[in-house]
Every structure is written in structure tokens, then in C-alpha cells.
Amino acid sequence: MQKTLAPAALPYVTDRETEAQKRRWIFLLLFVGKPFITLIGPDQRTTPSSSVFFLCTAAPFRSMNLSVNWLRNNNEHPASTTHVVHVNNDSYSLRSKAWVTLTKQDISSQITCEVTHGDLKEPLRMTINLSQVLRVIPTLKITTEDPEIQDHVHQKVNLTCHVNHFYPQNMDLIWTKNGHKIPTMELPQTTRNSDGTYSLQHTLQVDAILNKTDFVCWVIQDDQPPVKNSITLGAPRKIRGRTEYSHHLEGPLQRFPPGASIQLKYTSSALQTRQVTVTWLKNNHTRLQTQTNVFSNGETYNVTSTAIVSLESDDILSLVLCLVEHKSLVVFQKVIYLGQYLCVPPAVRVSQSSTVSSLVTVTCHVQRFYPQEVYLSWLEDCHVIRRIEQPTPKRNEDGSYTLEVLQLVNTSVERSDQVLTCKVEHEEHPPIQASIVLSAASFPTSKAIRSLSSEKSIHVFVASLLCLKLLLVVSLLVIYVYRRWSL
């Protein structure tokens, strides 16, 4: 950070600089006639209670009759070192350093260097606002409160992160839930405090669930280490050394094809009440066939609930919500995506199209399958000629995948009918394949041969016509000669 009064700013020469740099600085002094002043502070911001130094440089002067005063908010401030440097026979310069211990209240403070000389009508002055070198780390606090409008089915809670007394104004705020970043809307406007710092409040609305969930509010200022504060919702209390309650939701360990039915199971233990309802919803509106049982376990209760889900081919993006409630309070809720239990086999077909020269393009169409991992092989007359492992399919809007793989067949040499087969392996199911017969009559070369034969026929026809005309001319000539001799 550097401020300069006309005519020009010169580089600050430290004690550690090389002789070449000092000579360059002296060389510049020789070409500056009017005295100037510069004031340099630290390049980076620092926190209150830290000490920083400012360097004041003034030059050129014709004599050593110089003095320097440091002012902090118009009050005298001591200088740590002051040196008058003899540049040449009739030129002098002044360098003075002052250390300043920053405080939180220095956002509105200034440091001023004032240099006087007998040749000057008025002192040279340069001022830097201490707010330019100050950083105030915020204090964070998270509070909870119920929203003004409450949904009795899905209770919510407002988490408010209070970011107090920070400087400068620019900062970023991030919420995380159990270590995962939560997308947030644009931050509200900051509020200016009486001491010059800023404050901000950001509210996040979340479900009032009882299972343990950690929320953290992170505040980042430039490249500084982030500041955070956390809160845990639904932290389980301890009863005689054990956890008050626990929840577990599980499904099958393998995939099933469309048309199969799977069972989802919810279990909980050590609940303090038996007045619990478990609701299973598919895609948030369809209630599933369920069975729920509550068992007494001394002073607590265990709950088991199962739901039967019939899988369909379009259930790749479907979800099932397990909602556990005690009266109107949500005790537990979790979403399960059915795609993790579904296996949709592909539909495979093969098509053929002609290309230039003697090549035929055969395409294997692998349609609407899930998950995306497939293995594809090309076979010619039952012999593998090409194997493609884990190709990259295209994702459809319904979550399924589609794949098209091309194979070029050389038909330059005609041979008897050949069979080209596309074989697809998907999950643990038997391979699915489709074949096409490439007959000699279907090759482009056959068409080329027929085209050449037609052209040859035309040439023969034209040649025949020419021969007939020539024969006619010769006949007429013979008759003419014969008649002439008869006369």
C-alpha cells in the first residue's frame, strides 16, 4: 500500500535491498526537482492487537534542515526510526518509520506523516486510513426458532446464523448439513454498525427432525481461514448410559426386473412412546401397502414397519418416502430411490445401411436399459470379431440409457450369406442378442455390377445401330455402282 504526492512515486528502499536498487533510487532522485512525499503501509490486512509499520519517504531537499511528525487521528505518534540520507552534494532525502498497534476501533482512524523543511511554504503531508490495513474477524452465533407459518404435517425450524462485527464488508457464508454443502439463496444486505464494522443475519429453514443432524455456518473472508459455528438438532439424550432412540431403514441387497415386488423395512428402538405412525409414500402421493408393529421393551418401545413396492420399468427416478411421526412432530424421515433396486434389461435390434465403396454399416441399437453398465460384442458367423467393454451410453429423460454401436463390414468380396450378431451382456441376466443376415444380393457391390451391365447393354445397342447404318450405306453404294456399270 503506497500513497504519493506529486510529482511522482518512488520505490521504497529497505535496508535489505541491493546496492543496485539503491543506486537506481538515487538516480531517480537526481531527476526530480520538486519535493515529494510517499507513505507506504503493509500489503495485507491484519487483525486488531497486531503491530504494523508505515514508512514515510520525502525528497529531494537542498539541506538537512528537515523534521518529521507522525500523527494518529491528529494526535502525535512516536516514530521508531528517522534517517536523513545525503544523496549528493546538494540533495538530501528523509526516511522515517512508525509502528502502529491496531485496535478494533481503528476502522475510522488515520495515520499521517508530515515533513517540514525551511524551503517549503507548508509541510508535506500524506495520510493512510487504517481501515485499509485492518481486518476484524466476526463472531458467529446460531439461534433456532419456529417459523411464523407452520405446517402441522411437516414441522419446520428456522436456523439463523448471526455474523457480528466484521470488516471489511465482503464475505461469503456457507451452510453445511452433516458435512455436505447446502445450496443457499443470495445473502441479505449487511448492516453497518456504529463502530464501522458490519453485521449480517442469514436464516435457513429445515425440517424439525429428531434424529441427530449437524448444521454448520461457515464465514469466509478473502483468503483467510474460515470461521464457523455449529448446532446439532435432534441430538439423542442418554438414558442410563445408552442412546434414547435409533432409526434404521433398509431395502434388498440386489436388483430386480420390472414386475417384481420388493420389501422396504424401517426399524427403531428405545422410543419413549408407542403413539407413533409410519407412512410410506411413493412419489409423495401414492400410499403403499404397509404393516407396522410396536413392541414394548421395558420403559421404551421398538417399532418395525415394512412396505411392499411393485417395481415398474419407469421407476428408475421414483422415490419412496418413509415418514415417522409422533402426533404432529416428525420423528424420522428418509427418501429411498427405487433405481438402486431396479434392473431394466435392454431391447436389442440390429439395422443395416449402405455406405460408399464396398462397406456396409451395421448398427446395434441397445435401448432403454438400467443401470448403465453393459458389455457389447460383435460376432460374425458365431466368431467374436470385436468386444466393447463399458461403452458410454446416452441417458434418457426417464433415467434409462440408450446405446448405438456401429460396425463396418467389408463386402468387396462376395460370398455366401453371412450372419452378423450383436451380443449384449447386462447385469447378471443372460446375454441378449440380435442378428442380421448380410446376403450377397444386398451388397452395394451387386448394385454396382448391375449398373455396369446396364451401361454395357447401352453401348452394345449403340454399336449395333452404327453397324446397321454402315451396312445400309455399303448396300446403297454397291447398288449405285452396279447400275452405273449396267449402262
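Let's begin with C322: at a relative accessible area of 0%, this one is buried. C343 also counts as buried, at 1% relative accessibility. By buried I mean under 20% relative accessible area, with exposed being over 50% and partly exposed in between, using a 1.4 Å probe and protein chains only.

A quick word on what you're looking at: it's a predicted model, where local features need pLDDT of at least 70, side-chain atom pairs count only at pLDDT 80 or more, and totals for chains, interfaces and linings use all residues. Residues are numbered from 1 along each chain as its sequence is written, and side-chain values use heavy atoms, leaving out hydrogens and water.

Take C56 and C113, with sulfur atoms 2.0 Å apart. C56 sits in strand β3 (residues 51–61) and C113 in strand β8 (residues 110–117), so the pair ties together parts 57 residues apart in sequence. Strands, by the way, are DSSP runs of E, at least two residues, numbered from the N terminus. Both C56 and C113 are buried.

Next, C161 is joined to C217, S to S 2.0 Å. That pair links strand β11 (residues 156–166) with strand β16 (residues 213–220), 56 residues apart.

Then there's C364 with C422, at 1.9 Å from S to S. The link of C364 and C422 is left-handed, with -75° about the S-S bond.

Counting bonded cysteines along the chain, the pattern is 1-2, 3-4, 5-6.

Notes. A disulfide is a pair of cysteine sulfur atoms within 2.5 Å. Helices (H or I, at least four residues) and strands (E, at least two) are DSSP runs, numbered from the N terminus.
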